Amino acid sequence: MVKEIERVGIPIVHIANLVPVAKSTGANKIVPSFSIPYPFGDPARSEEEQWKMRYHIVGVALDALTIDVEEQTVFKVNI
């Protein structure tokens, strides 16, 4: 689906908890998320820490939208 959306000219970033699967589907811009049951948070952390995690992951994804890539790129997320 990601490749089809990009094919019509809409930039897209795949936020994925399973980066190898995202790569195998052909996504060009991949932002890793935290885990399968909690892609944007960690219930073991405080609400404030989780908010910071979410803010950071979405920020990396928004930055990735502005970058032109020639090949599959996994962007760095500091969790």
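Biologist: By how much of a helical turn are Glu48 and Lys52 separated in helix 3?
Modeller: In this predicted model, Glu48 and Lys52 are four residues apart in helix 3. An α-helix has 3.6 residues a turn, so residues three or four places apart point the same way. The separation of Glu48 and Lys52 is therefore about one helical turn.

Biologist: What is the N to O distance at which the side chains of Glu48 and Lys52 meet?
Modeller: Side chains of opposite charge can pair when their charged atoms come close. Glu48, at 53% relative accessibility, counts as exposed. The side chains of Glu48 and Lys52 meet in a salt bridge, with an N to O distance of 3.4 Å.

Biologist: How many salt bridges does the structure hold?
Modeller: One of them joins Glu48 to Lys52. Arg7 forms a salt bridge with Glu4, and Asp42 forms one with Arg45. The number held by the structure is three.

Biologist: In which helix do Arg7 and Glu4 both lie, and how far apart are their closest N and O atoms?
Modeller: Arg7 and Glu4 both belong to helix 1 (residues 2-7), where three residues, about one turn of the helix, lie between their positions. Arg7 counts as exposed at 58% relative accessibility, whereas Glu4 is partly exposed at 47%. The helix is thus helix 1, and the closest N and O atoms of the pair are apart by 2.9 Å.

Biologist: Is Asp42 buried or exposed?
Modeller: Asp42 forms a salt bridge with Arg45, whose closest N and O atoms are 3.3 Å from those of Asp42. Arg45, at 29% relative accessibility, counts as partly exposed. The relative accessible area of Asp42 is 14%, under the 20% limit, so Asp42 is buried.

Biologist: What pattern does the protein chain follow along the sequence?
Modeller: The protein chain contains three helices and three strands. Its C-alpha trace spans about 40 × 25 × 20 Å along the principal axes. Read along the sequence, the pattern is α-β-α-β-α-β.

Biologist: How far does helix 3 reach from its first C-alpha to its last?
Modeller: Helix 3 covers residues 47-65 and has 19 residues. At 1.5 Å a residue, a span of 27 Å is expected. The reach in the model is close to that expectation, at 27 Å.

Biologist: What arc around the axis do the buried residues of helix 3 cover?
Modeller: The buried residues of helix 3 are Gln50, Met53, Ile57, Val60, Ala61 and Ala64. They lie on the same side of helix 3, because the arc they cover around the axis is only 100°.

Biologist: Which residues are exposed on the other side of helix 3?
Modeller: The buried residues of helix 3 have a cover that includes strand 1 (14-16) and strand 2 (29-32). On the other side of the helix, the exposed residues are Glu47, Glu48, Trp51, Tyr55 and Asp63.

Biologist: Which side chain of opposite charge is nearest to Lys29?
Modeller: Lys29 is placed in strand 2 and counts as buried at 8% relative accessibility. A salt bridge requires a nitrogen and a carboxyl oxygen within 4 Å. Lys29 has no salt bridge, as the nearest side chain of opposite charge is 5.2 Å away and belongs to Asp68.

Biologist: Which backbone oxygen lies 3.1 Å from a polar atom of the side chain of Lys29?
Modeller: Lys29 touches several residues beyond four places away in sequence, among them Ala64, Leu65 and Phe75. The backbone oxygen of Leu65 lies 3.5 Å from a polar atom of the Lys29 side chain. The oxygen at 3.1 Å is that of Ala64.

Biologist: What distance separates the C-alpha atoms of Lys29 and Ile12?
Modeller: Ile12 is one of the residues that Lys29 touches. The two are 17 residues apart along the chain. Their C-alpha atoms are separated by 7.2 Å.

How values were computed. Residues numbered from 1 in each chain as written. Predicted model: local features only at pLDDT ≥ 70, side-chain atom pairs only at ≥ 80, totals over all residues. Heavy atoms only, no water. Helix = DSSP H or I, 4+ residues; strand = E, 2+ residues; numbered from the N terminus. Expected span 1.5 Å × (residues − 1). Buried < 20%, exposed > 50% of the residue type's maximum accessible area, 1.4 Å probe, protein only. Arc of directions from axis to C-beta. Contact = heavy atoms within 4.5 Å. Lys, Arg positive; Asp, Glu negative; His and termini not counted. Polar contact = N/O pair within 3.5 Å; in protein donor to acceptor, adjacent residues only side chain to side chain.
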